[in-house]
Amino acid sequence: LNIIGDTSPQLGGNLDTNTKNIFFGDSSSSSNNRLQFGATDKDLQLYHNGTDSYISEAGTGNLILGTGGSQVHIHNTTNDEPLAKFISNGAVELYYDNSKKLESTSTGVDITGNLHLDALPDTTTNSYLKIAIQDTDGNLKSDDSIKINPAQNALLVDGLFLGHHFL
């Protein structure tokens with residue numbers, strides 16, 4: 001069997017690496033030194049280009065990550081700090097320097113720290129930014145809110161007008 005001379009060797013069974021690794025060099029082009037799956041389009045590709053590592057959906061479909069467990073986690077290189085967590089039938093959590101900063105909930109989004117907005121809603125319409133108030137039990141109070149309305153230069157708390165030109 002001449003594996004080096006054969007450009008398309010066929011396996012008749014499973015590949016056993018006998019406790020060894022399979023190494024690929026850096027991928028310097030769009031086709032070499034890649035682990036590729038799929039028909040002729042080589043839809044899924046795993047490779048390293050010398051600087052960055054890629055998991056690439058190169059075909060016409062989507063890249064879908066699934067779990068048989070309850071969560072998908074993305075961690076840093078040393079695996080000691082979460083970057084993001086995706087919880088089945090639950091929250092999405094985003095972290096900054098090992099501290100949870102954003103979490104989706106059944107009632108919206110919880111943010112820890114400051115929220116910076118580059119722009120308020122459109123000043124030419126009667127749109128506004130609404131901040132809902134939550135009671136101590138975590139229930140949203142539908143009548144209690146803070147509204148910032150740039151079209152009217154107005155700040156309203158619980159429906160009370162507090163003034164113009166605050167922006």
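Student: Let me start with one residue. What is the relative accessible area of Asn98, and what does that count as?
Tutor: Asn98 has a relative accessible area of 42%, so Asn98 is partly exposed. Buried means under 20%, exposed over 50% and partly exposed in between, with a 1.4 Å probe and protein chains only.

Student: What should I know about the model itself?
Tutor: This is a predicted model: local features need pLDDT of at least 70, side-chain atom pairs count only at pLDDT 80 or more, and totals for chains, interfaces and linings use all residues. Residues are numbered from 1 along each chain as its sequence is written, and side-chain values use heavy atoms, leaving out hydrogens and water.

Student: Back to Asn98. Where is Asn98 found?
Tutor: In the loop between β6 and β7, with β7 covering 99-105. Its phi is positive, about 70°, although Asn98 is not a glycine.

Student: What about the phi of Thr19?
Tutor: Phi of Thr19 is near 65°, again positive in a residue other than glycine. Thr19 is found in the segment before β1. With a relative accessible area of 79%, Thr19 is exposed.

Student: Zooming out: how many helices and strands does the protein chain have?
Tutor: It has 0 helices and 12 strands. Both are DSSP runs numbered from the N terminus: helices are H or I with at least four residues, strands are E with at least two.

Student: What share of the 167 residues is buried?
Tutor: Buried residues make up 11% of the 167 residues in the protein chain.

Student: And what share of contacts joins residues at least 24 apart?
Tutor: Among contacts between residues at least 6 apart in sequence, 6% join residues at least 24 apart. Contact means heavy atoms within 4.5 Å.

Student: How big is the accessible surface of the protein chain?
Tutor: About 13,200 Å², and 51% of that belongs to carbon and sulfur atoms. The areas come from the Shrake-Rupley method with a 1.4 Å probe; for residues, only the protein chains shown count as cover.

Student: Which residues make the nonpolar surface patch?
Tutor: Leu11, Leu15, Ile22, Phe24, Leu35, Phe37, Leu46, Ile55, Leu63 and Leu65 make a patch of about 1,000 Å². Patch residues have over 30% relative accessible area and no salt bridge; like charges are joined within 9 Å, and nonpolar side chains (Val, Leu, Ile, Met, Phe, Trp, Tyr) within 5 Å.

Student: Is Leu15 buried or exposed?
Tutor: Exposed, because its relative accessible area is 57%. Leu15 sits in the segment before β1 (35-37).

Student: New topic. How many salt bridges does a search of the whole structure find?
Tutor: The search finds 2. A salt bridge is a side-chain nitrogen of Lys or Arg within 4 Å of a carboxyl oxygen of Asp or Glu. The side chains of Glu93 and Lys100 form one, at 3.6 Å, N to O. Glu103 forms a salt bridge with Lys100, the closest N and O atoms being 3.0 Å apart. Shared partners join Glu93, Lys100 and Glu103 into one network.

Student: Is Glu93 buried or exposed?
Tutor: Glu93 is buried, with a relative accessible area of 9%. Lys100 is partly exposed, at 30%. Glu93 lies in strand β6 (residues 92-96).

Student: Which side chain joins Glu93 in a polar contact?
Tutor: That of Tyr95, at 2.6 Å. A polar contact is a pair of N or O atoms within 3.5 Å; within protein, one must be able to donate a hydrogen and the other to accept it, and residues adjacent in sequence count only if both atoms are side-chain atoms.

Student: What about aromatic pairs, how many are there in the whole structure?
Tutor: The search finds 1. The ring centres of Tyr47 and Tyr54 are 4.9 Å apart and their planes are at 15°, so the pair is stacked. Rings of Phe, Tyr and Trp (its six-membered ring) pair if their centres lie within 6.5 Å; planes under 30 degrees apart count as stacked, over 60 as edge-to-face and the rest as tilted. Tyr47 counts as buried at 16% relative accessibility, while Tyr54 counts as partly exposed at 33%.

Student: Last one: which residues does Asn49 touch?
Tutor: Asp26, Ser27 and Tyr54, not counting residues up to four places away in sequence. Asn49 is in the loop between β2 (44-48) and β3 (53-57). A polar atom of its side chain lies 2.8 Å from the backbone nitrogen of Thr51. For the backbone nitrogen of Asp52, the distance to a polar atom of the Asn49 side chain is 2.7 Å.
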